[in-house]
Amino acid sequence: MSQSILVTGSNGFIGRHLVEDLKKRGSQVFALNRSDGDTCRSETWGKYPKADCVVHLAGQTFVPDSWTHPELFIESNALSTAHGLEYCRVHAAKLIFLSSYMYSTKSALSVKESDELNPVNPYALSKFLGENICRYYSEFFGTQVAILRPFNVYGIGQTEKFLIPSIIRQARAGDEIKVMDSKPSRDYIYIDDLLEAIHRVVNTAINFDVLNVGTGKSYSVGELINVLGMVVGRNLKVVSANTERPSEINYTQADITHATEVLGWKPRWALVEGLSAIWNS
């Protein structure tokens with residue numbers, strides 16, 4: 001049976017793709033963005049229509065900005081989640097909370113959901129607080145909550161503030177790719193694979209769970225640029241400023257065993273395929 005789904009942050013990168021995907025699958029979608037009110041205020045949620053499920057995407061997302069205004073990230077990403085959970089408590093709805101990478105740098109290379117958490121930047125801290133509020137509402141109010149921890153999401157239409165759109169823009173202009181640091185390694189998950197995971201969570205009975213959404217593979221910035229070179233058929237020269245960001249995480253790789261067991265989900269897009277889709281879009 002088709003469910004009604006309320007999507008906050010619907011005009012963001014993930015939100016735009018998600019709304020389109022849910023509609024294609026036949027769901028009734030309430031697509032809400034900043035013009036519909038501030039999700040940090042209870043009166044905003046009071047005006048929202050009743051839905052079976054909430055996918056909470058609204059919030060601040062760009063890690064470097066979180067060092068400049070940490071309080072805004074905490075307000076946007078934690079307080080709005082509390083209001084979303086209260087909405088779900090009142091309407092007996094399920095909340096799907098998109099969290100972030102927040103594992104300890106001491107964790108194993110391939111991290112599981114149960115590994116030690118240690119948010120190392122204000123953005124991750126804001127998501128960590130949101131997760132704890134989710135856990136509280138589930139334990140004490142019985143609210144259904146699924147927390148997804150996406151690794152590095154990329155895809156068509158992402159802003160050039162992020163790495164992959166930035167290097168693709170540079171590759172369209174020439175063979176020299178300038179980056180701050182070529183060493184950090186990330187698990188890059190294509191947007192369509194994240195959408196499939198969300199779809200499966202919507203249609204899976206979950207009281208409370210935390211699920212990694214990644215590929216289980218990690219690429220350094222330099223390796224990422226080499227893969228893009230394969231896509232464009234040119235040798236791309238990496239020019240690194242060797243400038244490390246504050247509290248940089250040098251390596252991320254998801255253990256996705258739990259998501260596969262719970263949802264029957266596995267990523268389908270290889271990095272070369274995702275980069276090719278963006279390059280040819």
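This is a short talk on the overall build of one chain and on a few places inside it.

Okay, ground rules. What you see is a predicted model, where local features need pLDDT of at least 70, side-chain atom pairs count only at pLDDT 80 or more, and totals for chains, interfaces and linings use all residues. Residues are numbered from 1 along each chain as its sequence is written, and side-chain values use heavy atoms, with hydrogens and water left out.

So, the big picture. We've got 10 helices and 12 strands; these are DSSP runs numbered from the N terminus, with helices being H or I of at least four residues and strands E of at least two. The radius of gyration comes out at 19 Å, close to the 19 Å from the globule rule for 281 residues, so the chain is as compact as a globular protein of that length. That radius is taken over C-alpha atoms, and the rule is 2.2 Å times the number of residues to the power 0.38. Along its principal axes, the C-alpha trace spans about 55 × 40 × 40 Å.

How much of the chain is buried? Of the 281 residues, 51%, where buried means under 20% relative accessible area with a 1.4 Å probe, protein chains only. As for contacts, meaning heavy atoms within 4.5 Å, take the pairs at least 6 apart in sequence: 80% of those contacts join residues at least 24 apart.

Now helix α7, residues 191–202. Its 12 residues should span 16 Å at 1.5 Å a residue, and the end C-alpha atoms sit 17 Å apart, which agrees. The expected span here is 1.5 Å times one less than the number of residues. The buried residues of α7 include Ile191, Leu194, Leu195, Ile198, Val201 and Val202, and Asp193 is on that list too.

Next stop, Arg186, in strand β8, which is residues 185–186. Buried or exposed, this Arg186? Arg186 counts as buried, at 10% relative accessibility. Leaving out residues up to four places away in sequence, Arg186 touches Asn152, Lys217, Ser218, Tyr219, Arg245, Glu248, Ile249, Asn250, Tyr251 and Thr252. Also, Arg186 and Gln253 are 67 residues apart in sequence but 6.5 Å apart in space, C-alpha to C-alpha.

Last one: where is Ser10? Ser10 lies in the loop between β1 (4–8) and α1 (13–24). At 8% relative accessibility, Ser10 counts as buried. With residues up to four places away in sequence not counted, Ser10 touches Gly15, Arg16, Val19, Ala31, Leu32 and Asn33.

That's my tour, thanks.

Notes. Buried < 20%, exposed > 50% of the residue type's maximum accessible area, 1.4 Å probe, protein only.
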